[in-house]
Amino acid sequence: MVLGRAAALAQASAQRARRGARWAVEMPSRGAEESELTLISEVIGSDEFPQVHRIQLAEPVVSVAGRRIPLTAVRSRDRLDWAQLDDRLLGRCELPAGQTAGCQPLRLERVHDIKECLGVLLLTDGGDTINYAGEACQIQQCQISQAYTQLVLTSNYGAMEVYSVLCEALKVLPSLEMGMEDHTDGGDVGKDQDYWTTSGKMKQDLRNFFAPKASTWTILELGSYRGYTSRVFSDLFSRVIAVDASEAFLSFNRRYNKDRQNILFVHLHSRVDSLRSLRQNEVEVAMVDAEHEYASVHRDTNQLLRYFRSSLKYVIFDDFGTDEGVMRAVREFVQRGQLRVVGGVGRRPGWKYGDRVIDSWEGVICEVTGNQSQVPMNRIFGKWYTWFESNLWESDDVIEFQNSGACATSRGPGKWRLDQTQERVLWMEWPSHKPIPMGGQNPARPVLEPWFLKFDEEWEKFAAVKADVTKTSATGVDQEVMHSVVRRLFVSVSHEFCSSANECDPHLPGMRN
């Protein structure tokens, strides 16, 4: 311990308040076992010599996009997955928008970035939770006793990043190898032949886990690609529902598995279309391997839990270690209590993907807990909706709904309110047109117009009707959905006409199966 640490911090805080000081946290390497953390209070415009206090501790490390790096290497724009500080492992809390941890406050400091905020936590006795946004760093104590093991959410501080020992970090996942019979198949197509498919090791792990239990089950495979993993599933399950947004990939899948009679091929874009049309099927296992950005993985998983909740037992996630969106979505559903990670599958932590070293498993298998919920309305906050009114070929305007009840739009400010009598319905008032200073063509002064908006179950699309005698209609689409359509077109042009992803991208560094 460091004597006088609290007094030194209090003195440094007082200096900053009087003279506008800044914090800097330095952690020079002292080998794999130990390093020094130096907290420097540097007074701007002063000749005073900075006071230095040293603490001996294990080198702090964090995870950024599946890569384990020292705390000193964190950049201001990095989004951390977890942080290991001495004996404290803090997971990123995927909390609702505008919510933060409301626990016992210990310290509030002004910092430059998340790295400095973590440095403040290291010097705070009892601190186990961080609320961070911009220059604000609040340290809290949430795990007061063994009986008190949940965050208390509050909107008092606005939207902040939250890291806590109480949020599942998914840092270390159990292996599923123990006590399992080996069901290896040397004929599998792996990443050495086509890096868009699952590895040979992941196919082997899936056999080992599901072979003893899945012979009478149905699996729904979202993103079946060319059918290399579909073939493995056809050996394990009674029925395979292979879904893909590409007819070319489905056609290849059908030809590749022409000797299999238990595969149903479905042309469907899970990000644009709904899985509702498949809900009459009893599905015990689902594979999420379509688009890998966070919004798509979240939507796919949420629909699986909603439409197949009476039968669904397991959800498999591919590319957990390589794609931040997959890891973030899994962490959110685990923290909600809707999924429980059973273990990692495929490539082990430390494997190479191209020129990257991946610090987590290739995929994970999660058990469905049965604690299901609807998509919360607050998912509309922080995203832009594209507005189509005069035609469907190009967007007229964009709208962002804010949790304060205001709208930021390309026509100027507006406002919205929730209709309490109908489900997923908003009333919005916004300018009738874009004024000339904002790029419009109409010289008339804009007036506020009322519109009635009805959203879909995912809060990603809405139909709109103007609440006046004209009854003008319009539609709105989350821009992430629009981007998903563009990505689908990219795959169609760039990958469907190659025999493998490796052929389409011959410059990708080689990868072992």
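Okay, hi everyone. Some ground rules: residues are numbered from 1 along each chain as its sequence is written, and side-chain values use heavy atoms, with hydrogens and water left out. Since the model is predicted, local features need pLDDT of at least 70 and side-chain atom pairs count only at pLDDT 80 or more, while totals for chains, interfaces and linings use all residues.

Let's start with strand β7, residues 80-85. Helices (H or I, at least four residues) and strands (E, at least two) are DSSP runs, numbered from the N terminus. Is β7 mostly covered or mostly open? Mostly covered: six of its six residues are buried. Buried means under 20% relative accessible area, exposed is over 50%, and partly exposed is in between, using a 1.4 Å probe and protein chains only.

Now for the neighbours of β7. Two strands pair if DSSP finds at least two bridges between them. Strand β5 (residues 61-64) runs antiparallel to β7, joined by four bridges, and valine 62 sits opposite alanine 83 of β7. Strand β8 (residues 88-92) is also antiparallel to β7, again with four bridges, and here tryptophan 82 faces glycine 91 in β8.

β7 and β8 form a hairpin with two residues between the strands. Aspartate 86 lies in that loop, and its phi is positive, about 45 degrees, although it is not a glycine. Why point that out? Because most residues other than glycine have a negative phi. Aspartate 86 is partly exposed, with a relative accessible area of 29%.

There's another residue like this: tryptophan 459, with a positive phi near 60 degrees. Tryptophan 459 belongs to the loop between β29 (448-455) and β30 (461-466). Tryptophan 459 counts as buried, at 5% relative accessibility.

Last stop, the second largest pocket, with about 760 Å³ of space. Among its 27 lining residues, the closest to the centre are Trp196, Asp289, Ala290, Glu291 and His292. On a 1 Å grid over the protein atoms alone, a pocket is an open set of points where a 1.4 Å probe fits, with protein on both sides within 12 Å along at least five of seven lines, and lining residues have an atom within 4 Å of a point. The volume is the space filled by probe spheres set on the points, which are joined across faces, edges and corners.

Which element gives the most to this lining? That's α8 (479-494), with four residues. β16 (239-244) also supplies at least two. Thanks, that's it from me!
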